[in-house]
Amino acid sequence: MANILYLIVPCFNEEKVLPITSKFFLDELSFLINKGAINSESRIVFIDDGSSDNTWNIISELSQKHELIQGIQQSRNRGHQNAVIAGLLDSVNKCDMCISIDCDGQDDIKAIEQMINKYHEGYDVVYGVRDNRDSDTLFKKYTAQLFYYLLKKLGADIVYNHADYRLMSKSAIEGLAKFKEVNLFLRGLVPLVGFKHTEVYYTRTNRLAGSSHYPLSKMLALAVDGITSLSTKPLKLITLLGLVVSLLSFIFIIWVVIGFFFGKTLSGWASLISTLCFLGGIQLICLGIIGEYIGKIYLEVKHRPRYIISNRTNEK
């Protein structure tokens, strides 16, 4: 008998694009069921991440019209990563594998069949990887490349040009469930789970409707979460920076003392202010990095839930 697939689709204020992409998801799932690639018990699960528009009503209507569609609603907006983990953990006991994909239609749904084929070849995790960044602006393209480069340099095990379009087997999701941290960065966390994995390449396109919910501020926040969740090297770099600044300060002191004995010293306002500003800036940067880690620790020790499901559509 064919395996059961649950398609996990996080949604936040997607009333414009959801009526369009839901049809594509439904057609693809129906095609795979009719082809015998997946079981007829397979489902599409839309996770409403506390939307303030008509997203939940659309999901509810879709689930009433189509047996293959289900919906769960979070009690409030908790962010994309928590919406994905909510869908995965809520579905793990009902299926053999899950594929997470964004609602905006940018990820090629035809790659789903390729992922399923890789699953049947024995892979527990199949990463959807972009084959190019032609659809990005130059700014987004180069900042994304810089982000992946920095994460690699900081020791994070991350798949280049992979976001959150991936297949995970039931075993892999159960392994992911053992990671209890609140600060989620799934594209770095999933590789830590292990299991046999591979990649499927696809071309990413522009949004089909609506506007992106990931402005620069959110992308920067995600980058900070990724770095601080996966690596402690920034803290080690602070120590190294402190040693370098201390060495330079020691050399400067020696230069001042020598100058004093040779009568070469002059009272210099500019040099004094420059030194103070430099050292003050370094200290504030270091305190900011340490503060990020302390903030993460603060949130983790509280053991707050990563998601709370407040409503569901009627499951068939």
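Tyr149 is found in helix H5, which spans residues 138-153; helices here are DSSP runs of type H or I with at least four residues, strands are E runs of at least two, and both are numbered from the N terminus. Together with Leu146 and Leu150, Tyr149 forms a nonpolar patch on the surface, with about 300 Å² of accessible area in total. Such a patch joins nonpolar side chains (Val, Leu, Ile, Met, Phe, Trp, Tyr) within 5 Å, from residues with over 30% relative accessible area and no salt bridge. A salt bridge is a side-chain nitrogen of Lys or Arg within 4 Å of a carboxyl oxygen of Asp or Glu, and accessible areas come from the Shrake-Rupley method with a 1.4 Å probe, with only the protein chains shown counting as cover for residues.

## Basis of the description

This is a predicted model, in which local features need pLDDT of at least 70 and side-chain atom pairs count only at pLDDT 80 or more, while totals for chains, interfaces and linings use all residues. Residues are numbered from 1 along each chain as its sequence is written, and side-chain values use heavy atoms, leaving out hydrogens and water.

## The nonpolar cores

In soluble globular proteins, nonpolar side chains tend to be buried together. A nonpolar core is a set of buried Ala, Val, Leu, Ile, Met, Phe, Trp, Tyr and Cys residues joined through side-chain atoms within 4.5 Å; buried means under 20% relative accessible area, exposed over 50%, and partly exposed in between (1.4 Å probe, protein chains only).

The largest such core has 37 residues, and Val9, Ile44, Phe46, Ile99, Ile112 and Ile116 have the most contacts inside it. Among the elements giving two or more residues to this core are strand E1 (5-11), strand E2 (43-48) and helix H4 (111-120). Helix H1 supplies the largest share, 6 residues. Apart from this core lies another, of 27 residues, including Val45 and Leu184.

## Aromatic pairs

Rings of Phe, Tyr and Trp (its six-membered ring) pair if their centres lie within 6.5 Å; planes under 30 degrees apart count as stacked, over 60 as edge-to-face and the rest as tilted. The count comes to 2 aromatic pairs. Phe25 and Phe46 form a tilted pair, 6.3 Å centre to centre with 50° between the planes. Because Phe25 lies in helix H1 and Phe46 in strand E2, this pair ties together parts 21 residues apart in sequence. Phe25 is buried at 2% relative accessible area, and Phe46 is buried at 0%.

The rings of Tyr165 and Tyr202 have centres 5.2 Å apart and planes at 80°, so this pair is edge-to-face.

How values were computed:
Patch = residues over 30% accessible without salt bridge, like charges linked within 9 Å, V, L, I, M, F, W, Y side chains within 5 Å.
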